[in-house]
Amino acid sequence: MSYKKNSYLVVKNAIPIDVANFVYDYFNMKRRAFITLKETGYISKFDVDWGEYDAQVPTAYAHYADLAMETILDILTPKMSKLTKLDLTPTYSYARIYKKGDILKRHKDRFSCEISTTLNLGGDPWPIHLEAKKNVGIP
């Protein structure tokens, strides 16, 4: 399969399973700590260093630029550059924990993530739907 031909590429086992399991467990623990600290009043709803809930999926815990996710981004960038045959520059990471019933609606990412990588690090299997470049203008 070619990224250039299809505008997407499915890469199985992009990171080792033990790394995926570790980061999945870490991020779930971070979510649990965030919930506890928020419920007990140790952090305010404005303290985004621990995480937050965003408008796109308001019931899913999310974190922008988590250090573990930024590390995976740095590790995967050369591999994804080679597989896509593109000179990729990492811009940011964003992670979410989806629960049953959570929906990320069809959307267009911001310009700085012109090329994106999506990883399922663990949990229940879930479908992801991709559309080719011809539909890029869809809101």
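Trainee: Where is Asn 13 found?
Mentor: Asn 13 is in the loop between H1 and H2. Helices (H or I, at least four residues) and strands (E, at least two) are DSSP runs, numbered from the N terminus. Before we go on, this is a predicted model, so to speak of local features we need pLDDT of at least 70, and side-chain atom pairs count only at pLDDT 80 or more, while totals for chains, interfaces and linings use all residues. Residues are numbered from 1 along each chain as its sequence is written, and side-chain values use heavy atoms, with hydrogens and water left out.

Trainee: Okay, what's the phi of Asn 13 near?
Mentor: Phi of Asn 13 is near 55°, a positive value in a residue other than glycine. Ser 7 also has a positive phi, near 70°, and is not a glycine.

Trainee: And where does Ser 7 lie?
Mentor: In the loop between helix H1 (3-6) and H2.

Trainee: Buried or exposed, for Ser 7 and for Asn 13?
Mentor: Ser 7 is buried, at 19% relative accessible area, whereas Asn 13 is exposed, at 69%. The cut-offs are under 20% for buried and over 50% for exposed, with partly exposed in between (1.4 Å probe, protein chains only).

Trainee: Changing topic: how many salt bridges are there?
Mentor: The count comes to three. The rule asks for a side-chain nitrogen of Lys or Arg within 4 Å of a carboxyl oxygen of Asp or Glu. One of them joins the side chains of Lys 30 and Asp 66, at 2.6 Å from N to O. That pair links distant parts of the chain, with Lys 30 in helix H2 (residues 17-39) and Asp 66 in the loop between strand S2 (61-64) and helix H3 (67-84), 36 residues apart.

Trainee: Are those two buried or exposed?
Mentor: Lys 30 counts as buried at 13% relative accessibility, and Asp 66 counts as buried at 1%.

Trainee: Which residue does Asp 54 meet in a salt bridge?
Mentor: Arg 96, with 2.7 Å from N to O between the side chains. Asp 54 lies in the loop between strand S1 (52-53) and S2, and Arg 96 is in strand S3 (residues 94-97), so the pair ties together parts that are 42 residues apart in sequence. Asp 54 is buried at 13% relative accessibility, and Arg 96 is buried at 17%.

Trainee: What about Asp 102, which residue is its salt-bridge partner?
Mentor: Lys 99, where the closest N and O atoms are 3.5 Å apart. Asp 102 counts as buried at 17% relative accessibility, but Lys 99 counts as partly exposed at 43%.

Trainee: Now the rings. How many aromatic pairs does a search of the whole structure find?
Mentor: Three. Rings of Phe, Tyr and Trp (its six-membered ring) pair if their centres lie within 6.5 Å; planes under 30 degrees apart count as stacked, over 60 as edge-to-face and the rest as tilted. Phe 27 and Tyr 61 form a tilted pair, 5.2 Å centre to centre with 50° between the planes. Phe 27 lies in helix H2 and Tyr 61 in strand S2, so the pair ties together parts that are 34 residues apart in sequence. Both residues, Phe 27 and Tyr 61, are buried.

Trainee: And how do Phe 34 and Tyr 61 sit?
Mentor: Their ring centres are 5.4 Å apart and their planes are at 50°, so this pair is tilted. Ring pairs link Phe 27, Phe 34 and Tyr 61 into a cluster.

Trainee: Which residue lies over the face of Tyr 92?
Mentor: Arg 110, at 4.3 Å from the ring centre. For a charge to sit over a ring, NZ of Lys or CZ of Arg must be within 6 Å of the ring centre and within 35 degrees of the ring normal.

Trainee: Last one, the sheet. What order do the strands have?
Mentor: The order is S1-S2-S3, in an open sheet of three strands with antiparallel pairing. S1 and S3 stand at the edges, each with a single partner strand, so one side of each is left without a neighbour in the sheet. Two strands pair if DSSP finds at least two bridges between them, and S1 and S2 are joined by two bridges. Looking at residues, Glu 52 has Ala 62 in S2 as its bridge partner.
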